[in-house]
Every structure is written in structure tokens, then in C-alpha cells.
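Please look over the following structure before reading on.

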Amino acid sequence: MRHVAIVGSGPAGYYTAETLQKAGDIAVDVIDRLPVPYGLIRTGVAPDHQSIKAVSRRYEGVALTDNVRFVGHVSVGTDVTIDELVGLYDAVVLATGAPNDRPLDIPGADLPGVIGSAAFVGWYNGHPDFADLNPPLDAPGVAVIGNGNVALDVARILAKTPAEFAGSDIVAHARDALAASAVRHIQILGRRGPHQIAMTPKELGELSHLERASPRVDPADLPPEGDDALLEPGMRKSVTHLRSFSANPVAKPVTIDFDFFAMPIAIEGDGRVQRLIVERTTLDADLRSHGTGETYALDAGLVVSCIGYQTPPIPGVPYEHGRGRFASDEGRVLPGLYAVGWARRGPSGTIGTNKPDGARIAEMLLEDIGRGAGKAGRPGLDALLASRNIVPVTFRDWRRIEAAEVAAALDGRPREKFTSIEAMLQAIGR
Ligand code: NAP
């Protein structure tokens with residue numbers, strides 16, 4: 001029997017497990033520090049994107065196979081070390097994603113009311129780490145920094161009416177706070193231009209259909225229309241959306257303004273964020289942005305920085321600091337240790353990008369471990385955890401937690417998520 005441990009139960013973890021379990025004579029343990037599985041699917045994908053979240057049913061199919069086991073509420077680094085796992089299993093795969101925000105390295109970024117997207121998204125999605133975030137929504141202006149899909153998610157969630165959350169699994173504390181929100185002007189700041197966005201057409205198109213909010217683009221920021229022909233088709237569609245926003249005659253009470261060539265250089269306020277100082281930029285021949293020296297101030301009671309994520313380093317595991325991910329040779333980190341998904345390649349691509357990634361790492365490690373080295377594997381981990389009085393949450397336990405969440409849902413919502421680890425454990429009688 002070969003033994004593999006996967007650390008992290010998000011898409012990269014389960015796609016890796018999916019390929020591994022087909023190899024037959026193998027036991028795969030998927031370990032997660034939360035008592036609930038699916039990583040970003042549960043706490044990252046926007047709550048109003050239920051069709052994307054439905055991919056968790058596929059992971060459930062993998063989790064329910066005989067040779068895959070969920071080991072929840074076990075923290076690698078605290079409850080068990082990487083070295084211990086490498087000693088117990090033929091291979092250990094780090095599928096820990098990139099849950100930390102890239103720091104917004106400007107003066108004032110530590111003022112209350114300046115929040116990274118991991119925290120803000122985690123707050124409205126019920127991540128236990130961010131349940132108490134309480135973002136300030138009492139001022140009309142909000143600045144959203146970044147021109148990727150996360151910036152779009154954040155702007156859309158801030159702009160929606162309570163009725164527009166019907167059918168979503170946004171958590172109650174966020175639903176209530178957003179219903180009482182004073183936010184009226186949402187500025188999405190991009191340090192480069194419309195042709196350099198990292199936003200996809202479907203997500204941009206959604207902004208056209210918001211009940212009380214209208215997206216706006218300054219026509220002066222758009223390159224000549226003929227230049228769009230040089231773009232790849234997806235990007236061309238995205239830019240077509242921006243063009244339609246620039247011609248948008250609809251005046252709704254909430255505005256979502258795209259501010260291009262806009263680089264935040266400082267955040268100011270008396271005890272909390274009140275304004276963002278922004279420098280106009282221009283692009284060089286390599287499409288890099290440079291400040292022009294022209295600055296202006298934007299009023300904002302909340303700044304959400306959506307500038308990408310990082311994988312937290314683990315002592316003893318090689319790490320690429322500049323790129324915020326584990327250092328690996330195509331996924332091989334150290335003998336017996338692998339990385340997959342965002343932990344390997346950094347925070348890019350869609351959920352589906354992790355499928356071929358997971359398959360490739362699984363095939364690579366199967367080749368490396370051959371018939372296995374007769375390691376202790378699953379029983380060895382169980383004995384180690386028992387010796388530390390740690391009782392993992394099983395997949396069966398998770399299904400009881402999920403059933404309680406579904407039972408608590410009202411008004412056509414799919415579930416009412418527990419937002420604390422204690423409440424999750426209480427649901428299984430612990
Ligand atoms: P992203 O796509 O990498 O976008 C990051 C944005 O932040 C870029 O516009 C970047 O600008 C900007 N940025 C970086 N550093 C900055 C700085 N210091 N100051 C100002 N701006 C800065 O990251 P993301 O939006 O976090 O998304 C992560 C991944 O998840 C992406 O692959 C995304 O497509 C995916 N995702 C998908 C969906 C969906 O499919 N619905 C939803 C959410 C996320 P530059 O280009 O100038 O560097």
C-alpha cells in the first residue's frame with residue numbers, strides 16, 4: 001500500500017486526490033486545518049456564484065471513494081509537522097493555496113479600514129478567521145485597488161441590494177451589514193489601462209445588470225477602438241464591456257467607477273482611513289506603469305486591496321519570497337514533498353486550471369514513489385494524533401455540519417454557514 005498526504009482540501013488538493021485514487025492500491029489523506037473542506041470553493045468563490053461552487057459535488061465524489069479520507073481540524077505546523085508527515089507518508093503534497101494578501105506597501109496601509117481582499121472576501125464568505133472583521137461601511141466612498149476578478153467580486157458584492165443576494169450563501173453578518181451600508185461610490189483603481197486588465201468578460205458583464213449600481217468608464221481612458229483587434233478574443237470581449245460602460249447613460253444611485261492609470265501612493269485619515277492619495281500613471285514600451293507626478297485625493301471610508309495573494313511559508317520548506325509561493329522544480333519541492341495549485345504556481349488561473357495541475361503532480365509522484373516504501377501512513381498519523389489528544393473531523397462529520405447548515409437556511413438560500421470553528425464542532429456534538 002502506498003500512502004499520500006495532501007495538505008489542503010481546496011480544488012488543487014481534491015483534483016490531485018482524484019487522479020491518485022484511480023491508481024488503486026493507495027491511501028490518500030486530505031488534511032485541512034478547518035473542520036470543513038473545499039478551501040476557496042467555500043470561502044473564496046463569491047457567494048452569488050453558486051454555479052461555480054457546485055464543483056464541490058465533484059470533490060465530494062472523490063472524498064467518498066474508499067481510498068480517500070478527509071482529516072479535518074488538524075493544523076499542519078501545529079498539530080503535526082511537515083517533517084512528521086514526510087516520515088509517515090510516501091509523498092506529501094502541499095495544496096495550501098495562497099490565503100494571505102500581498103501587502104499593500106504604501107504609507108497609511110495599516111490604518112483601520114484598509115483591508116486585504118483575503119480578509120474581506122473571507123468575511124462575506126464565512127471564513128472563521130474573518131468573522132469579526134466588521135469592515136467600515138459607513139462612508140459613501142470605497143476604493144477597491146486592483147484590476148483583477150477579485151476586485152470585481154468585491155465591487156459587485158458591495159453594490160448589491162439584499163434582494164440580489166437571493167439564492168446566494170452570503171453569511172448573515174455580511175448580509176445585514178451590507179443591507180445597512182452607506183456605500184454609494186465604488187472606485188476600482190488600476191495602475192495600468194483598459195488593455196492591461198486581468199478581468200474576465202463574464203464577470204465584467206455582470207456589472208451591467210446590477211439593480212441599483214451602474215459601472216462607468218471615462219471614455220478618455222480607452223485606447224482607439226481599432227487597437228482592440230490586436231487583443232486575444234477573451235480580452236477583446238472584456239474591453240468591449242468597458243466600452244459599453246463608457247457609453248452608459250443609466251444613472252443609478254450607486255456608481256462603480258473604473259479609474260485607470262491610477263496608482264495609490266498613500267492612505268490618510270485621522271485614526272481610520274478617510275482618503276486615498278493617487279498618482280496618475282503612464283505606461284512605458286514594456287507596458288509597465290510609472291508615476292507622472294500628478295496626484296489627487298479620493299474620499300474613502302474603506303479601502304479593499306485586491307492585488308493578489310501569497311502562500312504562507314512553512315519553516316524548512318523552500319520558498320520563493322518574490323513570488324509568494326513554494327520553490328519547486330515543476331512541483332517537486334524536496335524528496336517526498338510536492339506542491340500543487342496556487343502553492344506551486346502562485347495565485348493565477350481559474351478553479352479549472354487546478355485540474356490538469358493536480359493530475360500532473362499526482363502522476364509525477366506516483367512515478368517517484370513506485371510501489372511505496374512501506375511507510376506507516378494512515379495508521380501512523382492516527383496514532384500520532386491520538387497521542388496528542390487530537391480528534392480529527394471526518395468527512396462523515398462534515399456532512400453532518402453541512403446538513404445543519406442546510407437545515408438552518410431560510411428564504412431559498414442554499415445554506416446558512418457556520419462562521420466559527422466552535423459552532424462547526426458543536427454541530428457534531430463536540
Ligand atoms: P490578479 O488577477 O493577479 O489581479 C491583481 C491585480 O492587482 C492586477 O490588476 C495588478 O495590476 C494589481 N496590482 C498588483 N500589485 C499592485 C500594486 N502594488 N498596486 C496596485 N495594483 C496592483 O489577482 P486577483 O484578482 O486576486 O485574482 C487571483 C486569481 O483568481 C486570478 O487568476 C483570477 O482570475 C481568479 N479569480 C477568478 C474569479 C472568477 O473566475 N470568477 C473570481 C475571482 C478570482 P498589474 O496587472 O499592473 O500587476
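In which crossing, left-handed or right-handed, does helix 1 pass helix 12? The crossing of helix 1 past helix 12 is right-handed. The model is a predicted one, and the points below are grouped by topic.

**Helix 1 and helix 12**
- Helix 12 spans residues 354-369, and its axis comes within 7 Å of the axis of helix 1, at a crossing angle of roughly 50°.
- Helix 1 is therefore oblique to helix 12.
- From helix 1, the residues in this contact are Pro11, Ala12, Tyr15, Thr16, Glu18, Thr19 and Leu20.
- On the side of helix 12, they meet Asn354, Lys355, Gly358, Ala359, Ala362, Glu363, Leu365 and Leu366.
- Sorted by class, the contact between helix 1 and helix 12 holds 8 nonpolar, 4 polar and 3 charged residues.

**Helix 1 and helix 4**
- Helix 1 covers residues 11-21 and helix 4 covers residues 56-63; the two pack at an angle of about 45°, and their axes are 9 Å apart.
- Helix 1 and helix 4 are therefore oblique to each other.
- Helix 1 and helix 4 make a left-handed crossing.
- Helix 1 contributes Pro11, Tyr14, Tyr15, Ala17, Glu18 and Gln21, which meet Arg58, Tyr59, Val62 and Ala63 of helix 4.
- By class, 7 nonpolar, 1 polar and 2 charged residues make up the contact of helix 1 with helix 4.

**Ligand surroundings**
- There are 21 residues around the ligand, and those that come nearest are Asn147, Arg191, Arg192, Glu203 and Gly349.
- The side chain of Arg191 has an N or O atom 2.8 Å from an oxygen atom of the ligand.
- The side chain of Glu203 places an N or O atom 2.9 Å from a nitrogen atom of the ligand.
- Gly349 takes part through its backbone, with an N or O atom 2.8 Å from a ligand oxygen atom.

**Phe261**
- Phe261 sits in the loop that runs between strand 10 (254-259) and strand 11 (262-268).
- Leaving out residues up to four places away in sequence, Phe261 touches Gly190, Arg191, Arg192, Gly193, Pro194, Asp221, Glu279, Arg280, Thr281 and Leu283.
- From Phe261 to Gly331 the separation is 70 residues in sequence and 36 Å in space, taken C-alpha to C-alpha.

Terms used. Residues numbered from 1 in each chain as written. Predicted model: local features only at pLDDT ≥ 70, side-chain atom pairs only at ≥ 80, totals over all residues. Heavy atoms only, no water. Axes fitted to C-alpha atoms, helices over the stretch in contact; angles between N-to-C directions. Helix = DSSP H or I, 4+ residues; strand = E, 2+ residues; numbered from the N terminus. Parallel < 35°, antiparallel > 145°, perpendicular 65-115°, else oblique. Left-handed = near helix turned anticlockwise from the far one by under 90°. Contact = heavy atoms within 4.5 Å. Nonpolar A, V, L, I, M, F, W, Y, C, P; charged D, E, K, R; others polar. Near = heavy atom within 4 Å. Polar contact = N/O pair within 3.5 Å; in protein donor to acceptor, adjacent residues only side chain to side chain.
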